[in-house]
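This report looks at how parts of one protein chain are arranged and how they touch. Please keep the sequence and the structure in view while reading.

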Amino acid sequence: MPKQTFLKLNDEKKKRVENALLNEFAHYPLNEAQVARIIKDASISRGAFYKYFDDLTDAYLYLLHQELSHVHVDIENQDYTDPQLIIRQMRRFIDEAHTLPSYSLFQMHFKYNENLLRPFIPTTEMKTTTWMYFILSHETLRSLFLDPANQEFYFKRFKTAIAQIGKEQ
């Protein structure tokens, strides 16, 4: 996560750095990203970058977390025992995803970066049904971002699977 120096930046400068990170990571996989392009785009020095982040991975994880928090803002604290709610939220996300500034970032994440990072998510604390919904939702999102031409197929499959889980409860 970013250092306190970054967190204390004024909003304009912080946004400039975040935009430069988004531009870099939306166009290049993490293993091809360059601090040089980021600092040029953000109009900051190399030293400033390292005062803000430990390395490119640290910067990437910060940006990914920020963008995911925007996506998850309306689904946190929801009742994940309601299959219809989950289906409606997936439909809404599919309909809006292509308009997100982070759309290309998520595509790069699923295509290249996810396997490099594979963060541990403590699913042992989830109820079995919640875990099944979580796995199906994220696998569907991966498919949607990697193969957007077939989004209706993936959504229908998701909807069928969620409905089936709901029947078994």
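Predicted model: local features only at pLDDT ≥ 70, side-chain atom pairs only at ≥ 80, totals over all residues.

**Helix H8 and its neighbours**

Which residues of H8 are buried? They are Thr 129, Tyr 133, Phe 134, Ser 137, Thr 140, Leu 141, Arg 142, Ser 143, Leu 144 and Phe 145. These buried residues pack against three helices, namely helix H6 (83-97), helix H7 (103-117) and helix H9 (151-168).

The packing of H8 with H6 has an angle of about 20°, and the two axes are 12 Å apart. Angles under 35 degrees count as roughly parallel, and H6 and H8 are therefore roughly parallel to each other. Their crossing is right-handed. On the H6 side the contacts are made by Pro 83, Ile 86, Met 90, Phe 93, Ile 94 and Ala 97, which meet Tyr 133, Ser 137, Thr 140, Leu 141, Leu 144 and Phe 145 of H8.

With H9 the arrangement is described by another angle: the axes of H8 and H9 come within 10 Å and cross at roughly 175°. That value makes H8 roughly antiparallel to H9. Among the H8 residues that take part in this contact are Thr 129, Met 132, Tyr 133 and Leu 136, while the H9 residues include Gln 151, Tyr 154, Arg 157 and Phe 158.

**Salt bridges**

Side chains of opposite charge can pair when their charged atoms come close. The count for this model comes to eight salt bridges, and the table lists some of them.

| Pair | N to O distance |
|---|---|
| Lys 3 and Asp 54 | 3.5 Å |
| Arg 16 and Glu 12 | 3.1 Å |
| Glu 114 and Arg 142 | 2.5 Å |

The side chains of Lys 3 and Asp 54 meet in a salt bridge. Lys 3 lies in the segment before helix H1 (4-7), and Asp 54 lies in the loop between helix H4 (46-52) and helix H5 (56-72), so this pair ties together parts that are 51 residues apart in sequence. Lys 3 itself counts as partly exposed, because its relative accessibility is 31%.

Arg 16 and Glu 12 are four residues apart in helix H2, which means that about one helical turn separates them. Arg 16 is partly exposed, with a relative accessible area of 27%.

The side chains of Glu 114 and Arg 142 also meet in a salt bridge. This pair links distant parts of the chain, since Glu 114 belongs to helix H7 and Arg 142 to helix H8, 28 residues apart. Are these two residues buried or exposed? Glu 114 is buried at a relative accessible area of 9%, and Arg 142 counts as buried at 16% relative accessibility. Elsewhere, salt bridges that share partners join Arg 91, Asp 95 and Glu 152 into one network.

**Phe 25 in helix H2**

Phe 25 is found in helix H2, which covers residues 11-27. Phe 25 is buried, with a relative accessible area of 0%. What does Phe 25 touch, not counting residues up to four places away in sequence? Its contacts are Leu 30, Ala 33, Ile 38, Leu 56, Ala 59, Tyr 60, Leu 63, Leu 105 and Met 108. The C-alpha atoms of Phe 25 and Glu 96 are separated by 21 Å, and these residues are 71 residues apart along the chain.

Note on methods
Residues numbered from 1 in each chain as written. Heavy atoms only, no water. Buried < 20%, exposed > 50% of the residue type's maximum accessible area, 1.4 Å probe, protein only. Helix = DSSP H or I, 4+ residues; strand = E, 2+ residues; numbered from the N terminus. Contact = heavy atoms within 4.5 Å. Salt bridge = Lys/Arg side-chain N within 4 Å of Asp/Glu carboxyl O. Axes fitted to C-alpha atoms, helices over the stretch in contact; angles between N-to-C directions. Parallel < 35°, antiparallel > 145°, perpendicular 65-115°, else oblique. Left-handed = near helix turned anticlockwise from the far one by under 90°.
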